[in-house]
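Let's take a friendly walk through a protein fold, one piece at a time. Keep the picture at hand and look for each part as it comes up.

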Amino acid sequence: MKIKAIALPALMALSLSACDTYTAQQYQSNAANTISLQQLAARGERATVGEVRLAEGIQPRPTCRLAGPLDLGGGDNVAQTIKQAVQTELLAGGVYKVGATPININVVALTPDSMSGKWTIGLQVYSTRSSGFTVQSVTEFSTSFTAVAACGNTATAFNRALSEAINKMVSDPRFAQVI
């Protein structure tokens, strides 16, 4: 009986201190990205997606407060998720073509801030045609006092933040030189 009296509160404390994982939804193309890319497609520009890598020090599953990690790829590798998102945008915009110039992306910033409600994403894009350029976007989102709500909002906001970073990349005049 004494063991149960000690074990039950210990088990409850352990379960309350366990971490949660907050998962981002699957990426969907954005109309603004499609429009930017259709302008390139109309000029005959074509590309494919080469390598997408995380720069040194970039966490593939950043943590959110003390609540747990953010699963940005819905179970997949975040670099692969970003690659698929860019490929989705190239397809939607009519720019994607197998065998075309592969664009490579180095993710140089991937920072969630659930306290102030901001995602910072930095992408360095380059190819065999150009040494490329770097873009950085800061996307604001609603946050919350509680970690559970704030981290859920952070995961939910990831795809919008990624879409805005991709838009900065594909609408930059230097993007045409890369492809």
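Reading along the sequence, the protein chain follows the pattern α-β-α-β-β-β-α-β-β-β-α-α. That comes to five helices and seven strands. Here helices (H or I, at least four residues) and strands (E, at least two) are DSSP runs, numbered from the N terminus.

Before going on, a word on the model: it is predicted, so local features need pLDDT of at least 70 and side-chain atom pairs count only at pLDDT 80 or more, while totals for chains, interfaces and linings use all residues. Residues are numbered from 1 along each chain as its sequence is written, and side-chain values use heavy atoms, with hydrogens and water left out.

**The sheet**

Four strands form an open sheet in the order β2-β5-β6-β7, with mixed pairing. Two strands pair if DSSP finds at least two bridges between them. At the edges are β2 (47-54) and β7 (133-140), each of which pairs on one side only. On average, neighbouring strands of this sheet are turned by 25° against each other, direction ignored. The table lists the pairs.

| Strand pair | Bridges | Direction |
|---|---|---|
| β2 and β5 | six bridges | parallel |
| β5 and β6 | nine bridges | antiparallel |
| β6 and β7 | eight bridges | antiparallel |

You can find some facing residues yourself. Leu-54 stands opposite Val-107 in β5, Asp-113 has Lys-118 in β6 as its bridge partner, and Leu-123 stands opposite Val-135 in β7.

Two hairpins are worth a look. The hairpin of β5 and β6 has four residues between the strands, and Gly-117 in its turn has a positive phi of about 75°. In the hairpin of β6 and β7, six residues lie between the strands, and Gly-132 takes a positive phi near 85°.

**A residue in β2**

Now zoom in on Thr-48, which lies in strand β2. Is Thr-48 buried or exposed? Thr-48 is buried, with a relative accessible area of 12%; buried means under 20% relative accessible area, exposed over 50%, and partly exposed in between (1.4 Å probe, protein chains only). Not counting residues up to four places away in sequence, Thr-48 touches Leu-90, Tyr-96, Lys-97, Ala-100, Thr-101, Pro-102 and Ile-103. Contact means heavy atoms within 4.5 Å. Thr-48 and Thr-101 are 53 residues apart along the chain, yet their C-alpha atoms are separated by 6.0 Å.

**Helices on the sheet**

Helix α3 (residues 78-92) lies across β2 and β5, running at about 160° to β2. Helix α4 (residues 147-171) packs on the sheet too, touching β5, β6 (118-126) and β7, and its direction makes about 145° with that of β7. Axes are lines fitted to C-alpha atoms, for helices over the stretch in contact, and angles run from 0 to 180 degrees between N-to-C directions.

How do the two helices meet? α3 and α4 pack at an angle of about 55°, with their axes 11 Å apart. That makes α3 oblique to α4, because angles under 35 degrees count as roughly parallel, over 145 as roughly antiparallel, 65 to 115 as roughly perpendicular and the rest as oblique. The contact involves Val-78, Ile-82, Ala-85, Val-86 and Glu-89 of α3, together with Phe-158, Leu-162, Ser-163, Ile-166 and Met-169 of α4.

**The whole chain**

Stepping back, buried residues make up 45% of the 179 residues in the protein chain.
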